[in-house]
Amino acid sequence: MAATFNLREAFQTSGVAEILDTLDRELIGLAPVKQRIRETAALLMVERVRKDLGLAHETPTLHMSFTGNPGTGKTTVANRMAGLLHKLNYVRKGQLVSVTRDDLVGQYIGHTAPKTKELLKKAMGGVLFIDEAYYLYKPDNERDYGQEAIEILLQVMENQRDDLVVILAGYADRMAKFYESNPGFRSRIAHHIDFPDYTDAELLHIAEIMLDQQSYRFSPKARDAMGDYIKTRRTQPHFANARSIRNALDRTRLRHANRLLETGDGIVTPEMLSTVEEPDVRNSRVFSQGGSVEKQTIA
Amino acid sequence: MRITQGCFSFLPDLNDEQIAAQIEYCLGKNWAIGVEYTRDPHPRNTYWNMWGNPMFDLKDAAGVMMEIRDCRKANPENYIRINAFDSTRGWETVRMSFIASRPKVEPTIEMTRLETGGRNIQYTHVTRY
């Protein structure tokens, strides 16, 4: 009689289900991303059980590439990924080391290799997250030290798959170019995950959560105004999804504070201090003119 | 002649798995790990060559093992030792040190006596390869 194993129970007790649930709850939208993470978690779970039951198993490669427009949550998800992989026993320690080109590439000959290696060593047992990875490769300068960092990365990604997970992130079009010129990277990364843009409803939901975290809230009319804001803002240049929303909310809080100070008799209640009203949102320059507001200090 | 210095040197040589486990112990105590190598294990040769900088803020032994492997490849037939440095105020010293690699044939250390005035004896130790 063959040994049996309750997969679902193992899934529940390992704490993985819990992480996936928080991921679902706390991250709005991103359905394809969550789907992929769920699949990865399932695969790792099955591999683990196969190992326990003495079946042939091979540790899957988990290097990942996150592509998507600005503000679609790539960094946020990478942060969660480290915790998830740790719970799944895929990485031993579960720390996230977040780097950009500056941290990897040196300033003179012979400076790059030790710098890259040091960071790789720090990331061992965890996740190395390389934000805006395409900056590593500068095709217009053939003596650029970025190439050296890439070679070391590739070597470690290949030889020490069990020791760390590398996640590259960046905007889709530039990452595509990056992979074209570095085919080694493309083939060593098994998981290419594309982060879709948020819908208007999702952005509104995100806005409410962001406000809630700062203990503010929309009045019903302000909420409608925010909906209009998102619709208008999307059509304007330099739209960066959730990041634009965060910036908009920062400016809204400025107007909210200013309104409280300038109008009325100066007597405020906690209610007033935490409720964003319609004019706070409506007075944004996004409504009055077509231009970008991102570059101006106060809209 | 088998050189005995540092921890574990009277035990059979540690294998890589055991070395990694010892390093995990050191990292767990927040000690910084340094890799050093030499051809000359003379007891008075305190300062061995450093293989790169000491490694601070590591989380996992895999990084150190990578350096040890590289060091072995570049310096075969050398002694390689691991130093674990404790930076806690009041300690600020190497807390643990052990040999991670030895040459296949170890040199001998020869002692010569020299009688000087007043029947004093001076001792000299020389490493013979």
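Colleague: In what order do the elements of chain B run from the N terminus on?
Modeller: This is a predicted model, in which local features need pLDDT of at least 70 and side-chain atom pairs count only at pLDDT 80 or more, while totals for chains, interfaces and linings use all residues; side-chain values use heavy atoms, without hydrogens and water. Residues are numbered from 1 along each chain as its sequence is written, with chains lettered from A and ligands numbered from 1 in the order in which they are written. Chain B has two helices and six strands, taken as DSSP runs numbered from the N terminus (helices H or I, at least four residues; strands E, at least two). Read from the N terminus, the order is α-β-β-α-β-β-β-β.

Colleague: Nice and clear! What share of the residues of chain B count as buried?
Modeller: Buried means under 20% relative accessible area, exposed over 50%, and partly exposed in between, with a 1.4 Å probe and protein chains only. The C-alpha trace of chain B spans about 55 × 35 × 25 Å along its principal axes. Of the 129 residues in chain B, the buried share is 40%.

Colleague: And what share of the residues in chain A is buried?
Modeller: Chain A has 15 helices and seven strands, and its C-alpha trace spans about 75 × 60 × 30 Å along the principal axes. Among its 299 residues, the buried share is 45%.

Colleague: Of the contacts in chain A between residues at least 6 apart in sequence, what percentage joins residues at least 24 apart?
Modeller: A contact here means heavy atoms within 4.5 Å. In chain B, residues 24 or more positions apart account for 54% of the contacts with a separation of 6 or more. For chain A, the corresponding value is 74%.

Colleague: Let's turn to Arg81(B): is this residue buried or exposed?
Modeller: Arg81(B) sits in strand E3, residues 79-86 of chain B. Its neighbours, leaving out residues up to four places away in sequence, include Gln5(B), Glu36(B), Trp48(B) and Phe98(B). Because its relative accessible area is 10%, Arg81(B) is classed as buried.

Colleague: Which residue has its backbone oxygen 2.8 Å from a polar atom of the Arg81(B) side chain?
Modeller: Residues touched by Arg81(B) also include Gly34(B), Val35(B) and Thr46(B). The backbone oxygen at 2.8 Å from a polar atom of the Arg81(B) side chain belongs to Thr46(B).

Colleague: Good. Which residue of chain A does Met55(B) touch?
Modeller: Met55(B) lies in the loop between strand E2 (49-50) and helix H2 (62-74) of chain B. Met55(B) has 5% relative accessibility and therefore counts as buried. Not counting residues up to four places away in sequence, Met55(B) touches Ala32(B), Ile33(B), Val35(B), Val64(B) and Glu67(B), and from chain A Lys121(A).

Colleague: How far apart in space are Met55(B) and Phe85(B), C-alpha to C-alpha?
Modeller: In sequence, Met55(B) and Phe85(B) are 30 residues apart. In space, their C-alpha to C-alpha distance is 9.7 Å.

Colleague: Finally, how many residues has the largest nonpolar core?
Modeller: A nonpolar core is a set of buried Ala, Val, Leu, Ile, Met, Phe, Trp, Tyr and Cys residues joined through side-chain atoms within 4.5 Å. Those with the most contacts inside the largest one include Phe66(A), Ile167(A) and Phe218(A). Phe218(A) touches residues including Leu211(A), Met226(A), Leu249(A) and Val281(A), not counting residues up to four places away in sequence. The number of residues in the largest nonpolar core is 56.

Conventions: A polar contact is a pair of N or O atoms within 3.5 Å; within protein, one must be able to donate a hydrogen and the other to accept it, and residues adjacent in sequence count only if both atoms are side-chain atoms.
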